[in-house]
Amino acid sequence: MPEEDLVELKFRLYDGSDIGPFRYSPASTVAMLKERIVAEWPKDKKIAPKAANDVKLISAGKILENNKTVAQCKMPFGELPKGVITMHAVVQPSLAKAKTEKKVDETPKKNICSCSIL
């Protein structure tokens, strides 16, 4: 594939630091990008994804679907030729894990109501 066809992407993390930039083929899928993000995630961060499904990629305000390609996700406006496209990488654990962890952490709550008449 010619060098000029590659798309240069970097991924902005929650604290403002970046992963990348890396060059990708327009045929690369969002799932492939997520795998690379998990592999390249800085070890010193408090919040880190355990798997690719824990990462949500956001570009131009839209959450990208795993089966979409880089070419399909590229926004036509605001791009400079040979410019780096920034996508936001957000860690969001899968719902199944979050629900089981929440059940373990929850303690029964008592409803207490009191009134004082002076």
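A nonpolar core is a set of buried Ala, Val, Leu, Ile, Met, Phe, Trp, Tyr and Cys residues joined through side-chain atoms within 4.5 Å. Buried, in turn, means under 20% relative accessible area, with exposed being over 50% and partly exposed in between, for a 1.4 Å probe and protein chains only.

Hello everyone, and thanks for coming. What you see above is a predicted model, where local features need pLDDT of at least 70 and side-chain atom pairs count only at pLDDT 80 or more, while totals for chains, interfaces and linings use all residues. Residues are numbered from 1 along each chain as its sequence is written, and side-chain values use heavy atoms, with hydrogens and water left out.

Let me start in the middle. Which residues have the most contacts inside the largest nonpolar core? They are Leu9, Phe11, Leu33, Ile37, Leu57 and Ala89, in a core of 19 residues. Strand 1, strand 2, helix 1, strand 3, helix 2 (70–73) and strand 5 (85–91) each give two or more residues to this core. When I say helix or strand, I mean DSSP runs numbered from the N terminus: helices are H or I with at least four residues, strands are E with at least two. As a general background, nonpolar side chains in soluble globular proteins tend to be buried together.

Take Ile37 as a guide. Leaving out residues up to four places away in sequence, Ile37 touches Phe11, Ile19, Val55, Leu57 and Ala89. A contact here is heavy atoms within 4.5 Å.

Now to the strands. Strand 1 and strand 5 run parallel and are joined by four bridges. Phe11 has Met87 as its bridge partner in strand 5. Strand 3 is also joined to strand 5 by four bridges, but this pair runs antiparallel. There, Ile58 has His88 as its partner in strand 5. Two strands count as paired if DSSP finds at least two bridges between them.

Phe11 brings us to the aromatic rings. How many aromatic pairs does the structure hold? There are two. Phe11 and Tyr24 make an edge-to-face pair, 6.3 Å centre to centre with 70 degrees between the planes. This pair links distant parts of the chain, with Phe11 in strand 1 and Tyr24 in strand 2, 13 residues apart. Phe22 and Tyr24 have ring centres 6.5 Å apart and planes at 80 degrees, so this pair is edge-to-face as well. For the cut-offs, rings of Phe, Tyr and Trp (its six-membered ring) pair if their centres lie within 6.5 Å; planes under 30 degrees apart are stacked, over 60 edge-to-face, and the rest tilted. Together, the ring pairs link Phe11, Phe22 and Tyr24 into a cluster. Phe11 and Tyr24 are buried, and Phe22 is buried too.

Arg36 lies over the face of Phe22, 3.7 Å from the ring centre. That label asks for NZ of Lys or CZ of Arg within 6 Å of the ring centre and within 35 degrees of the ring normal.

Arg36 also has a charged partner. The side chains of Arg36 and Glu40 meet in a salt bridge, at 3.6 Å from N to O. These two are four residues apart in helix 1, so about one helical turn separates them. Arg36 is partly exposed at 30% relative accessibility, and Glu40 is partly exposed at 38%.

The structure holds five salt bridges, each being a side-chain nitrogen of Lys or Arg within 4 Å of a carboxyl oxygen of Asp or Glu. Asp18 and Arg12 form one of them, with their closest N and O atoms 2.5 Å apart. Lys10, Arg12 and Asp18 are linked in a network of salt bridges.

Lys45 counts as buried at 17% relative accessibility, whereas Asp15 is partly exposed at 42%.

One last stop is Leu13, in the loop between strand 1 and strand 2. Leu13 is buried, at 4% relative accessibility. Beyond residues up to four places away in sequence, Leu13 touches Ile19, Trp41, Pro42, Lys45 and Ala89. Thank you, and I am happy to take questions.
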